[in-house]
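Hello,

Here is the structure I promised to pass on. Could you look it over alongside my notes below?

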Amino acid sequence: MIDAYDVLGVAVDCKEDDIKQAFRKMSLQNHPDKVGGGVEATNKFNEIKNAKEILSDTERRKIYDTFGVDLGEERPEMEVWTIGMSTLLSPMGGFVLKTIVARSVLWLVDWVWIGRLLMLLGLLAAGCYAMDVKFGNYSARSEEALSIFMNFFVIDVVIILNWLWPLLADAVCVFYLVAEIVSVQILMESWKIGVGVGVVSLFVAWLVRGWWRWIVGLEILLAVVLLIALTISSGIVRLWIDQVFTQHGDKLKEWRTKMRARRKETEAELDKLRKRVQTLEEENEKLKKKGRA
């Protein structure tokens, strides 16, 4: 088969009704239950089904008629959008959110009564963990509870550091954001790396002190710029596909039509050769009979 059109036995400029009728006919003729099943029959039926799906979807068919191959159900511009979201925009958005959360926590602990309340909750959590208090079917030393207690512990440490020297709390915030970029595992592989990052975090915290609102605003602006760039990129891909289709779509159809014509010529030549071979065999058989007589 040359292409999806050939699988269904329709012309390259066929209409949607032609595709539906051809699929109905081909699927009935080649259904595995009707032809006895087997791997070959199943593959043939799946090929027919896939050809119908390609040609029934207007956008998918356009891509197929542009490049000569099926690129799947998702359009190329959406593939660009998905890749950009997963590799650029989503990580950037997550980093902005974590920056906002970290700064919000530091802003909250600046309130004395909130800091004291969180310290009290942290002490209560530590007491529950030490005495292994049971909460119904859950234990205070279970993995789920341990993660909650660790969060209280980190918050209490930040509160204490903020009381001792606010710059230390800012350094913890910077260290947390750096860990989100390079991963905690890398920082924990060597104490020298961890200490080095901690010193650098303290210096950066001192350097940007009082500028956090501008930093958060800059991160949000960068995320918006990435969103705009990603949208433009998807649009450019779409425009490029339309341009390629306009320039080369007719050439591809012409090539497919020529391939069909060549196949018919080849089949006609093969048919002539078969007839010629059959004639020669008959003449040879006659000569053998005469020789025997």
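A term you will meet first: contact means heavy atoms within 4.5 Å. Helices (H or I, at least four residues) and strands (E, at least two) are DSSP runs, numbered from the N terminus. This is a predicted model, in which local features need pLDDT of at least 70 and side-chain atom pairs count only at pLDDT 80 or more, while totals for chains, interfaces and linings use all residues. Residues are numbered from 1 along each chain as its sequence is written, and side-chain values use heavy atoms, with hydrogens and water left out.

Let me start with the annotated part. An unreviewed UniProt entry carries the annotation "domain: J" for residues 3-68; such annotations may be inferred rather than shown by experiment, and the positions are in the numbering used here, with feature names shortened. That span is 79% helix and 0% strand, and its end C-alpha atoms lie 8 Å apart.

Helix α4 (residues 39-56) has 18 residues and reaches 26 Å from its first C-alpha to its last, close to the 26 Å expected at 1.5 Å a residue (the expected span is 1.5 Å times one less than the number of residues). Its buried residues are Ala-41, Phe-45, Ile-48, Ala-51, Ile-54 and Leu-55, where buried means under 20% relative accessible area, exposed over 50% and partly exposed in between (1.4 Å probe, protein chains only). Among the elements that cover these residues of α4 are α1 (4-8), α2 (16-30), α3 (32-35) and α5 (58-67).

On a 1 Å grid over the protein atoms alone, a cavity is a set of points where a 1.4 Å probe fits but cannot get out; a pocket is an open set with protein on both sides within 12 Å along at least five of seven lines; lining residues have an atom within 4 Å of a point. Grid points are joined across faces, edges and corners, and a volume is the space filled by probe spheres set on the points.

The largest pocket holds about 620 Å³. Of its 22 lining residues, Val-154, Ile-155, Val-158, Val-172 and Tyr-176 lie nearest the centre. Helices α6 (76-109), α8 (143-164), α9 (166-182) and α10 (184-189) each give at least two residues to this lining. By class, the lining has 19 nonpolar, 1 polar and 2 charged residues (Ala, Val, Leu, Ile, Met, Phe, Trp, Tyr, Cys and Pro count as nonpolar, Asp, Glu, Lys and Arg as charged, and the others, Gly among them, as polar).

The second largest pocket has a volume of about 350 Å³. It is lined by 13 residues, with Arg-103, Leu-106, Trp-107, Asp-110 and Trp-212 nearest its centre. Two or more lining residues come from each of α6, α9 and α12 (212-292). Here the classes are 6 nonpolar, 2 polar and 5 charged.

α5 gives the largest share of its lining, 3 residues, and the lining divides into 3 nonpolar, 1 polar and 5 charged residues.

Finally, α9 has 17 residues and reaches 25 Å, close to the expected 24 Å. Leu-167 lies in this helix and is buried, with a relative accessible area of 7%. Beyond its neighbours within four places in sequence, Leu-167 is in contact with Leu-202, Ala-205, Trp-206 and Arg-209. After α9 comes Ser-183, with a positive phi near 80°.

Best wishes
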